[in-house]
Amino acid sequence: MESYDKTYIVKFVFCIFIIVCFIFAFGFIFSSVIERAKPSQTLAEAYEGYVLVIDAGHGGEDAGAVAEDGTLEKDLNLEIASLIRVLCDLNGTRAVMTREDDRLLYDHYDELDDYTGHKKEYDLKNRVKIANELENPIFISVHMNKFAQTKYSGTQIYYSKNNPSSQLLARGIQNMTRAYAQPSNKRPIKQADSSIFVLNKLECPAVLVECGFISNEAELELLKTSEHQAKMSLIIFLSAISMS
Ligand SMILES: [Zn+2]
């Protein structure tokens, strides 16, 4: 009788074990099916209430690249960034500019008594900090390219590796640039390496748009026109709001 009981108990425990295993397996499969059936969160949901951070590269003591005719990168950057801001205002899109005039941002937070030798370092840190103080920022840095060989032209876009939406935004700008401004632009979008400080540090969607080469005479002339500046700002703005 005692041995019968033991066998019975062992069988009973074994059955319970199998049933528990089935419940867990079924639960796992069922939950993963449910998970797959649920629509994934849309970007609009993910970035509801987003604010565009429009970053005009360089400024003040830092002219950025200087063209053969003396045109300064920092000025072109600010022209295009300001136009993006106007489009945001017209559309009711929340936007913040990191700078609205000709200055570097090293003393934006007034952290040091003397910034000698640290101006560029604090300027870049503060651009990141301005974005990080906002809820749901989408960061767009506007720059111009320059290369020793003057034949190169075309918009080049870099994206931050820290947020998957950065690549999406970069691709959107690239596609629109090809469609509406530079049909022969073959430049692939590039993931920024650590040399691009702001994209390396930011965790939000972040891109850097090199609008064109000021070392290329024809492209420089184009970049100086208000028509082309408006076109580039519209491309960047529309890409940003359609991504969001
Ligand atoms: Zn630059």
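**Figure 1. Helix 5 and helix 8 pack at an angle of about 140°.** Their axes lie 9 Å apart in this predicted model, and helix 5 covers residues 164–180. Angles over 145 degrees would count as roughly antiparallel. Helix 5 and helix 8 are therefore oblique to each other. Their crossing is right-handed. From helix 5, the contact takes in Ser165, Leu168, Leu169, Gly172, Ile173, Met176, Thr177 and Tyr180. Helix 8 meets them with Lys231, Ile235, Ile236, Leu238, Ser239, Ala240, Ser242 and Met243. By class, the residues of this contact are 10 nonpolar, 5 polar and 1 charged.

**Figure 2. Helix 3 packs on helix 8 at about 50°.** Helix 3 spans residues 73–91 and helix 8 spans residues 226–243. Their axes are 8 Å apart. The angle makes helix 3 oblique to helix 8. Helix 3 passes helix 8 in a right-handed crossing. On the helix 3 side, the contact is formed by Glu79, Ile80, Leu83, Ile84, Leu87, Cys88 and Asn91. On the helix 8 side stand Gln229, Ala230, Met232, Ser233, Leu234, Ile236, Phe237 and Ile241. The contact of helix 3 with helix 8 counts 11 nonpolar, 3 polar and 1 charged residues.

**Figure 3. The largest nonpolar core holds 51 residues.** Six members touch the most other members: Ile84, Ile140, Ile173, Val207, Val209 and Ile236. Helix 3 gives the largest share of this core, 8 residues. Ile84 also belongs to the contact of helix 3 with helix 8. Ile173 takes part where helix 5 meets helix 8. Leaving out residues up to four places away in sequence, Val209 touches Ile140, Ser141, Val142, His143, Thr155, Ile157, Ile173 and Ile236.

**Figure 4. Leu208 sits in strand 6.** This strand runs through residues 206–213. Leu208 has 23 C-beta neighbours inside 10 Å, so it counts as buried. Residues up to four places away in sequence aside, Leu208 touches Ser141, His143, Tyr158, Ala192, Ile196 and Leu199. Tyr158 is 50 residues from Leu208 in sequence. In space, the two are 5.1 Å apart, C-alpha to C-alpha. Ser141 and His143 are also touched by Val209.

**Figure 5. His58 and Asn136 carry positive phi values.** Most residues other than glycine have a negative phi. Phi of His58 is near 65°. His58 lies in the loop between strand 1 (51–56) and helix 3. With 24 C-beta neighbours inside 10 Å, His58 counts as buried. Asn136 has a phi of about 50°. Asn136 is found in the loop between helix 4 (119–132) and strand 3 (137–145). With 14 other C-beta atoms within 10 Å, Asn136 is partly exposed.

Figure 6. From the N terminus, the elements run α-α-β-α-β-α-β-β-α-β-α-β-α-α. The protein has 244 residues, and buried residues make up 36% of them. Among contacts between residues at least 6 apart in sequence, 75% join residues at least 24 apart.

Terms used:
Residues numbered from 1 in each chain as written. Predicted model: local features only at pLDDT ≥ 70, side-chain atom pairs only at ≥ 80, totals over all residues. Axes fitted to C-alpha atoms, helices over the stretch in contact; angles between N-to-C directions. Helix = DSSP H or I, 4+ residues; strand = E, 2+ residues; numbered from the N terminus. Parallel < 35°, antiparallel > 145°, perpendicular 65-115°, else oblique. Left-handed = near helix turned anticlockwise from the far one by under 90°. Contact = placed C-beta atoms within 7 Å. Nonpolar A, V, L, I, M, F, W, Y, C, P; charged D, E, K, R; others polar. Buried ≥ 20, exposed ≤ 12 C-beta atoms within 10 Å, placed from the backbone. Core = buried A, V, L, I, M, F, W, Y, C linked by C-beta atoms within 7 Å.
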